Amino acid sequence: MKLYYDPISTTSRAVTLFLAEENIAHEEEIVSLYAGDQHKAEFAAINPNMQVPVLVDDDLALAESSAILKYLADKFSSPAYPADLKLRARVNEAMDWFNTGFHLTFCALTIYPVMVPDFAVHDAATRKYISDISHKRVLRYFDILDRHMIGTNNFVCGNEITIADYLGATYVTLGEVIGFDLAPWPNVRRWIAGLKARPSWDAAYAGFNGLVSAARAA
């Protein structure tokens with residue numbers, strides 16, 4: 001197997017952390033987003049969407065981090081993707097929750113406009129309108145994550161880590177780039193702290209941590 005990824009890519013980190021935690025043998029090739037490697041013909045031939053990550057396993061080229069996590073967990077029989085139908089449905093639900101409204105509101109509308117020029121809205125009135133709406137929704141999503149999804153549990157879907165945690169943590173920690181304060185949500189802070197204490201976290205997030213340090217120094 002071979003993983004095409006960028007260490008600073010939000011969606012790549014979920015996969016690299018899972019691969020490291022599960023000790024899954026694989027090759028890696030960095031596709032630098034800032035250098036525009038994703039637009040090169042040789043990579044576009046692998047993933048026409050020209051996005052990372054992409055996992056190649058023999059004749060399968062699989063994009064989308066959620067799909068990759070599910071595939072790897074199934075292939076290697078990881079308990080992080082429970083076989084029980086109802087438990088698996090809860091994991092799928094959480095992953096879809098992170099991948100849809102949460103990602104759109106928190107990542108795409110709140111953080112990426114600060115990080116990525118292509119996401120910036122230059123019209124002041126439109127920017128304020130989007131900011132006002134997304135801010136209210138961000139608070140609501142974090143309330144749901146804190147009170148209803150995590151609650152007194154250690155992880156998003158209970159007291160055992162699942163692939164929903166790997167995916168969700170990448171989106172939540174993206175807020176560190178703009179100094180987003182998790183203080184109002186103690187369960188979210190506890191959840192993230194527990195994940196950061198895992199053995200493979202620092203290596204998987206090294207590139208991202210460098211990006212955060214650079215953003216804070218700017």
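The predicted model holds 17 aromatic pairs. Rings of Phe, Tyr and Trp (its six-membered ring) pair if their centres lie within 6.5 Å; planes under 30 degrees apart are stacked, over 60 edge-to-face, and the rest tilted. In the case of F18 and Y166, the ring centres lie 5.3 Å apart and the planes stand at 85°, so the pair is edge-to-face. The pair links distant parts of the chain, 148 residues apart. F18 belongs to helix α1 (residues 10-21), and Y166 to helix α6 (residues 163-173). Helices (H or I, at least four residues) are DSSP runs, numbered from the N terminus. F18 and Y166 are both buried, that is, under 20% relative accessible area, where over 50% is exposed and in between is partly exposed (1.4 Å probe, protein chains only).

One aromatic cluster is formed by W97, F98, F102, F106, Y141, F142, F180, W185 and W191.

Charged groups also meet rings. The charged end of R13 sits over the ring of F208, 3.9 Å from its centre. R88 places its charged end over the ring of Y81, 3.6 Å from the centre. For such a placement, NZ of Lys or CZ of Arg is within 6 Å of the ring centre and within 35 degrees of the ring normal.

S65 lies in helix α3 (residues 65-75). S65 counts as buried because its relative accessibility is 5%. Leaving out residues up to four places away in sequence, S65 touches T11, V15, P53 and L167. Contact means heavy atoms within 4.5 Å.

Residues are numbered from 1 along each chain as its sequence is written. In this predicted model, local features need pLDDT of at least 70 and side-chain atom pairs count only at pLDDT 80 or more, while totals for chains, interfaces and linings use all residues; side-chain values use heavy atoms, without hydrogens and water.

Notes. Helix = DSSP H or I, 4+ residues; strand = E, 2+ residues; numbered from the N terminus.
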